[in-house]
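Please keep the sequence and the 3D view open as you read.

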Amino acid sequence: MSEKIDKKILLASPHMSGNEMGYIQEAFDTNWIAPLGPNVTGFEKEVCAYTGANYADALSSGTAAIHMGLMYLGVGKGDIVFCPSLTFSASANPIIYLGATPVFIDSERESWNMSPVALAKAFEKYPNPKAVIVVNLYGQSADYDKLKAIVDEHHVPILEDAAESLGATYKGVKTGTIGEIGIYSFNGNKIITTSGGGMLVAREKKIIEKVEFWATQAKEQAPYYQHKEIGYNYRMSNVVAGIGRGQLKILDERIAKKKYIFDYYADAFQDLEELEMMPIAAYGEPNYWLSCVTIKPEYEVRPKALLDYLASKNIEGRQIWKPMHLQPVFKGGDFFSHNPEGTSVAEDIFARGLCLPSDTKMTDEDLERVVTRVSWFFGAEAARR
Ligand SMILES: Cc1ncc(COP(=O)(O)O)c(C=O)c1O
């Protein structure tokens, strides 16, 4: 193997298409350097056309979109909001911004997403949460038919956190459009990026109108600055939206490359008895944002040891999200487990899981370098045992 030690293999980095500068140049040429303009409107329309969403509002981040979405659903002081435990903290933080209390739900094994079993348990104790946040983790859809059967019985709305799953489908439907409100993130590490940004999508126009009102400082219709509500400065810039328009053109290409990376690892690790790929549920097609693996329970090796070894070879990986119910900031929060004996699937995935480099700029040589290093690591580990 001809290893280039100096070349760092990244987990996931921005990957421009070449179309972006045209939109940015146009914004400069027409002086639309503002948090509104043709790129913002164009990007919203194009995301709707791609996802099948009816209406969209481009915002400054996915976190801002969750904040606005929960606010629209009426979440406020003293309310309960259900949220998966296995996710990034930005799924849960806006619950706190609004003075509400998160109740964390365990994962199911099949997709690592919200467990319907744990969700049903949570409803037994808290029959009236204000909203349920469902996340499509690592680019794979949650099992909405099962979740909705429970949630609909209680007449609670779903806010779909599709920050990581733009382009993924559930039974042929694009993720982000399944809940009452959906959100996407265009952060630098996402499948497409605007350098930083987000979008809220919804079936009903009135949702978008209200969110846009709040996100532009809640300015009332009046000949002077008149405010009846607290506003936010959350709209996406017209320059940044230009990057998004250029990126959206090659989203399907990026998904194809992400799948190629996942399949490459799956094929290469088929005979590596210590590792398992993240399960892919039959009901949908992920966007394969990050290729994740778990070390089988019978092996004592921890993800950190493998990640440290890869880092020493200039290969970047990450541990799986640390569950929210284990985070110091959410200490004391209620948590409902999937397993009858109370042990947690999310904790187990965290203890054994990691994300391998999934950068769409990786060459076959880069992929081979990762595969070889992972295999060598386990070979060396086996020799030690
Ligand atoms: C699951 C999830 N939710 C929300 C967010 C927040 O998105 P943003 O970084 O655009 O605020 C992210 C990513 O950052 C995420 O991975």
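Beyond the residues up to four places away in sequence, Asp366 touches Lys7, Ile9 and Lys361, where contact means heavy atoms within 4.5 Å. With Lys7 the link is between side chains, a polar contact of 2.7 Å. A polar contact here is a pair of N or O atoms within 3.5 Å; within protein, one must be able to donate a hydrogen and the other to accept it, and residues adjacent in sequence count only if both atoms are side-chain atoms. Asp366 belongs to helix H12, which covers residues 364-384. Its relative accessibility is 6%, so Asp366 counts as buried. Buried means under 20% relative accessible area, exposed over 50%, and partly exposed in between, with a 1.4 Å probe and protein chains only.

A few words on how to read all this: the model is predicted, so local features need pLDDT of at least 70 and side-chain atom pairs count only at pLDDT 80 or more, while totals for chains, interfaces and linings use all residues. Residues are numbered from 1 along each chain as its sequence is written, and side-chain values use heavy atoms, with hydrogens and water left out. Helices (H or I, at least four residues) and strands (E, at least two) are DSSP runs, numbered from the N terminus.

**Around the ligand**

How many residues surround the ligand? There are 16, and the closest are Gly62, Thr63, Glu164, Ser185 and Lys190; a residue is near the ligand if one of its heavy atoms lies within 4 Å of it. Helix H3, residues 62-72, gives the most to this shell, with three residues. By type, the shell divides into five nonpolar, eight polar and three charged residues. Here Ala, Val, Leu, Ile, Met, Phe, Trp, Tyr, Cys and Pro count as nonpolar, Asp, Glu, Lys and Arg as charged, and the others, Gly among them, as polar.

| Residue | Ligand atom | Distance |
|---|---|---|
| Asp161 | nitrogen | 2.8 Å |
| Glu164 | oxygen | 2.6 Å |
| Ser185 | oxygen | 2.7 Å |

Taken alone, the ligand exposes 390 Å², and the protein buries 93% of that. Accessible areas come from the Shrake-Rupley method with a 1.4 Å probe; for residues, only the protein chains shown count as cover.

**The eight-stranded sheet**

Eight strands form an open sheet in the order E1-E9-E8-E5-E4-E2-E3-E14, with mixed pairing. Strand E1 and strand E14 (335-336) stand at the edges, each with a single partner strand, so one side of each has no neighbour in the sheet. Two strands pair if DSSP finds at least two bridges between them.

Strand E1 (residues 55-59) is mostly covered, as four of its five residues are buried.

**The four-stranded sheet**

Another open sheet has four strands in the order E10-E12-E15-E13, with antiparallel pairing. Its edge strands are E10 (275-277) and E13 (318-319), each pairing on one side only. Strand E15 (residues 353-356) is joined to strand E12 (residues 291-295) by four antiparallel bridges and to E13 by two bridges, also antiparallel. Cys355 in E15 is the bridge partner of Cys292 and also of Arg318, while Leu354 is the bridge partner of Val293. Which way do the residues of E15 point? Gly353 and Cys355 point one way, Leu354 and Leu356 the other way, and all are buried.

**A buried and an exposed residue**

Phe123 lies in helix H5, residues 116-125. With a relative accessible area of 3%, Phe123 is buried. Leaving aside neighbours within four places in sequence, Phe123 is in contact with Phe82, Pro129, Val132, Ile150, Val151, His154 and Val156. Of these, His154 is 31 residues away in sequence, and its C-alpha atom is 8.3 Å from that of Phe123.

Asn233 lies in the loop between helix H7 (205-215) and helix H8 (238-248). Is Asn233 buried or exposed? Its relative accessible area is 57%, so Asn233 is exposed. Setting aside neighbours within four places in sequence, Asn233 is in contact with Ala215 and Gln217.
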